[in-house]
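Welcome! Here is a short briefing to read alongside the structure, with its main points grouped by topic.

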Amino acid sequence: MIDSYPLGDITAEQFLSEYWQKKPLLIRNAFPDFEPPVSADELAGLACEADVESRLIIQNPSNDEWSLENGPFDEERFASLPKTHWTLLVQAVDHWVPEAKALLDQFRFIPSWRIDDLMISYAPKGGGVGPHFDNYDVFLLQAEGQRRWEVGGQYHEGSPRRNDAPVMILPEWDAEESFILNPGDMLYVPPQLGHNGIAETDNCITYSVGFRAPSHAEILRNFTDFVGEQVTNEMRYADTDIKLQDSPSLINNDAFNKVRDIFESYLKEPGLLEDWFGQYMTEPKYPEFMQPDDEAEPISPKELQEYLDNGGLLFRAEGSRFAYRQKQVKNYVLFVNGVSCEVHAHEGDFVRAICDNEAIGSDFIKSTETLEIAAELLNMEALRTELDDDIEED
């Protein structure tokens, strides 16, 4: 676990009570002597990969026109870009670079299942994406160069926005505060607060740590889909106590209450909401990339035990999401990449360690149950062994 967090002179408790989802916070020297784990050339290389989500946003400063291009890009495209006023954005870099994933662990003063991904942007002087707002919290860490951040005003879905731009830009922008961020400085921006970042130097690289904040519409749709998959077609609206009505067209309160009772019965069913939420919040950002290799030889618990006995460690794979809940009967439910399994109470140390620790070894895998779970997680590629280290059968 992390002993300290990149919050400057304030504690994590103070940040959560005074700033989180309430007001912005500028943190000077949040990461002293910060060394970026991804260089500009490496970022451009990622943007050329087919599996990596990337965008180019270009502004013409002479007429304030904006254009958007989606990756993957050819290397030649970067050579043809203008000298100023463009931005390369690469999403979910933590999925591809282990060191970037390690950086996200510094933000686990927020529950890890709330963390979405690490986006990295590169811009020459004048580059930015225009004044905008997000519906989620974001930490903006300056990695190289300088960026000027302006913040101000609360915005929402009905706020005016430019219809002639391919990205969401606020046309009525009046900054209330402005900051120049140097490498290692960080700005926290709560949801729906307007902000605008402009590169003040060439080679301006900014890391954006975003958080998962599903909309109510997404929550309702996903939960009802989850419930609907578990009920049979015979479970239907029923009214054995129906009474004769003066007007046959009237939908009376008894009918409304029956429908309300249907919804409440599922919400009150022990464990149903909890198991859905755990699975939902650990679904991978890119599930298509989290499918195990069907041609790979499965790792057996015996092979895994031999690897651990030789001092081997297990790591959470890049892009995997882990969480757990504790049931009233003291057992645990482990959630990994949108699936779950129940684990006996006496294996609580294993559950917490595999979710909270960067790596675990044989000290936390002491039973057949946990050994089999760990082997299954390896086979579904939610866990990995040490870099370039394979488990081989003797």
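In this predicted model, aspartate 275 and arginine 325 join their side chains in a salt bridge, with N and O 3.0 Å apart. Aspartate 275 belongs to helix 7 (residues 272-281) and arginine 325 to strand 13 (residues 322-326), so the pair ties together parts that are 50 residues apart in sequence. Side chains of opposite charge can pair when their charged atoms come close.

**How covered are the two partners?**
- Aspartate 275 counts as partly exposed, at 23% relative accessibility.
- Arginine 325 counts as buried, at 17% relative accessibility, because the cut-off for buried is under 20%.

**Other salt bridges**
- The whole structure holds 17 salt bridges.
- One of them pairs arginine 384 with glutamate 318, whose closest N and O atoms are 3.5 Å apart. This pair links distant parts of the chain, 66 residues apart: arginine 384 sits in strand 17 (residues 383-384), and glutamate 318 in the loop between strand 12 (314-316) and strand 13.
- Glutamate 318 is buried, with a relative accessible area of 16%.
- Glutamate 342 and lysine 327 form another salt bridge, with 3.1 Å between the closest N and O atoms.
- A network of salt bridges links Asp116, Asp117, Lys285 and Arg321.

- Tyr237, Val259, Ile262 and Phe263 make a nonpolar surface patch of about 370 Å².
- Tyrosine 237 lies in the loop between helix 5 (216-228) and helix 6 (253-268), and it is partly exposed at 42% relative accessible area.

**The annotated domain**
- UniProt, in an unreviewed entry, lists residues 99-228 as "domain: JmjC".
- Residues 99-228 are 15% helix and 37% strand, and their end C-alpha atoms lie 40 Å apart.

Definitions and conventions
Residues numbered from 1 in each chain as written. Predicted model: local features only at pLDDT ≥ 70, side-chain atom pairs only at ≥ 80, totals over all residues. Heavy atoms only, no water. UniProt positions renumbered as here; feature names shortened; annotations may be inferred. Helix = DSSP H or I, 4+ residues; strand = E, 2+ residues; numbered from the N terminus. Patch = residues over 30% accessible without salt bridge, like charges linked within 9 Å, V, L, I, M, F, W, Y side chains within 5 Å. Areas by Shrake-Rupley, 256 points an atom, 1.4 Å probe, with all protein chains shown as cover. Salt bridge = Lys/Arg side-chain N within 4 Å of Asp/Glu carboxyl O. Buried < 20%, exposed > 50% of the residue type's maximum accessible area, 1.4 Å probe, protein only.
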